[in-house]
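Let's take a friendly walk through this protein together. Have the sequence and the 3D view open as you read.

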Amino acid sequence: MKTDFHKKKKLSGLLFAALLIMAVLGGCADSTGESSGDNSSREPKGSVVVGIQQDIDSLDPHKATAAGTKEILFNIFEGLVKPDENGNLIGAVASGYTISKDGLVYTFTLRDNVKFHNGNAVTAEDVKYSLERVSGLLDGTPLISTMSTIQAVDIVDEKTVQVTVENANTELIYSFVAAIIPMGSGETAEAVPVGTGPFSFVSYKPLEGIVLAKFADYWQEGLPQVEEVDFKIVNSADTALMELQGGTIDLYAYLTDSQAQALKDSHQVIASASNVVQALFLNNAVAPLDDVRVRQAILYALDKEAINDFVGGGAGTLISSAMLPTLKDYYADLNDTYGTKANVDKAKELLADAGYAEGFDLEIAIPSNYEFHMQTGEVVVEQLKAVGINATIKAVEWGTWLDEVYNGRQYAATISGITCDMTPGYLLNRFQTTSKKNFINFASEEYDALYVKAQETLDLAEKAEYYKQLQKILCDEAGSAFLQVPANMTAISKELLGYKFYPVYVQDMSTVYFRK
């Protein structure tokens, strides 16, 4: 199979038909997916200040965990391929690739004149080093789990790199978005990040933000449009609103409905589809949540419609498992399982059967910098009280949440979001029993076995059926209370044009420019 990036071909029929649907449903301001405005004058000018809700967890692109970090690093680093705003996979460091008929050999042709931010040209040796680092071939420790299938990386010539994998997988090509970094730079990647993206690293101050500068030798002619981007950490929703209204930040994403209403007259406020699954995540290994009846009772107690209306103005899409509805060929609509309105009687019945007729105390840890999740928590607490569960919110700083909840699994319940990379298996692979990302401690032998079958098949229809069965297991076992795919409401200064909305979690600042 040959892919020519200049023609922007899609990966495979069923998968990328679904991705295109997501882009169409994005609710962007115009057909290009850019913010509205006069595009006639584009000149590099000034500094764009982007408000972000969390600190950076790692400047090493192969070790970054948080989606909020990855959306920033998108501007610094590129892989052999990268997504565009329509959900297509396009060339970055590579100009094209072929996949053998058996799906086991990927051959990448490197693009001419791609440079690192240190001025050096990208070589096949850099690509080999980067892929061996993420796959674990260098030291036996894979940094990106999906890349552990790589068995060998061979340099065919100075412009051609061949990758041999253990098992064929129709979704693996998306993992080649993994950043290409200079050979041998892994030890210094955290302190001195060097990539090939449209912006180079300038500085980073913990709890303050990260500053990037235009990379004059970027391979894509005419980009970026601005001289500098300042990603400024704004931990408070009130502060974000004040700074937007005062003009000290130009762009801020993931607004609550109340914030969007306050800004609709002074800013461009644009709703787009997100790839975030929001949930009340439940630690399946902690009593009493280790009892499936208790978890099911919680799901019956929740009124998802009320949550969506209060926090997102009704713009979100209700879900009952970990899959994006816009990936329609793979999505199973399971909302009837527990209903989208509260069933108090059923919840109380299950609690009594589990020995908790009088209810129990439940602490919900929520990252305090995300107003959307905090407001969701307020509604959830009230709904759980109706069935006798005394829920309380524990607001935690982002770094603490990442260390204790996500990585440490030291919690009972939490409200947050998980993101998808636009392959349907991405959201489901984390719930395998042994997955490092399985922070809810979900354990099901049936689920594990089905997931392996889903990865092994090259028949997309068969794969889709496996994924639907996986969603049903996760739902029936009440692994967590999946709530909604929120709409991404973004506030943009009326002076800032050219912003593109993506069906993946990125902040692409290469195309933005100021009105002249």
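## Ground rules

A residue counts as buried when its relative accessible area is under 20%, as exposed when that area is over 50%, and as partly exposed in between, using a 1.4 Å probe and protein chains only. This is a predicted model, so local features need pLDDT of at least 70 and side-chain atom pairs count only at pLDDT 80 or more, while totals for chains, interfaces and linings use all residues. Residues are numbered from 1 along each chain as its sequence is written, and side-chain values use heavy atoms, leaving out hydrogens and water.

## Overall build

The protein chain contains 13 helices and 22 strands; helices (H or I, at least four residues) and strands (E, at least two) are DSSP runs, numbered from the N terminus. Its C-alpha trace spans about 70 × 55 × 40 Å along the principal axes.

Buried residues account for 58% of the 516 residues. Contact means heavy atoms within 4.5 Å, and among contacts between residues at least 6 apart in sequence, 71% join residues at least 24 apart.

## Charges and salt bridges

The protein chain carries 41 positive and 68 negative side chains, and the centres of the two sets lie 5 Å apart. Here Lys and Arg count as positive and Asp and Glu as negative, with His and the chain ends not counted; each charge is placed at NZ of Lys, CZ of Arg, CG of Asp or CD of Glu. A salt bridge is a side-chain nitrogen of Lys or Arg within 4 Å of a carboxyl oxygen of Asp or Glu, and the whole structure has 13 of them.

One of these pairs aspartate 353 with arginine 293, their closest N and O atoms being 3.3 Å apart. This pair links distant parts of the chain, with aspartate 353 in helix H8 (residues 344-353) and arginine 293 in helix H6 (residues 292-301), 60 residues apart. Arginine 293 is partly exposed, at 28% relative accessible area. Another salt bridge joins aspartate 303 and lysine 341 at 3.4 Å, N to O. Aspartate 303 sits in the loop between H6 and helix H7 (304-312) and lysine 341 in the loop between strand E15 (317-318) and H8, so the pair ties together parts 38 residues apart in sequence. Aspartate 303 is buried at 12% relative accessibility, whereas lysine 341 is partly exposed at 47%.

Lysine 328 and aspartate 329 also meet in a salt bridge, at 3.9 Å from N to O. Lysine 328 is partly exposed at 47% relative accessibility, and aspartate 329 is partly exposed at 23%. Salt bridges that share partners also join Asp291, Arg293 and Asp353 into one network.

Leucine 244 belongs to helix H4 (residues 237-246) and is buried, with 3% relative accessibility. Leaving aside residues up to four places away in sequence, leucine 244 touches Ile249, Leu251, Tyr252, Leu263, His267 and Ala491.

Cysteine 475 lies in helix H13 (residues 460-476) and is buried at 1% relative accessibility. With residues up to four places away in sequence again left out, cysteine 475 touches Ser320, Ser321, Leu334, Thr337 and Tyr338. Cysteine 475 and glutamine 296 are 179 residues apart in sequence, yet their C-alpha atoms are 9.1 Å apart in space.
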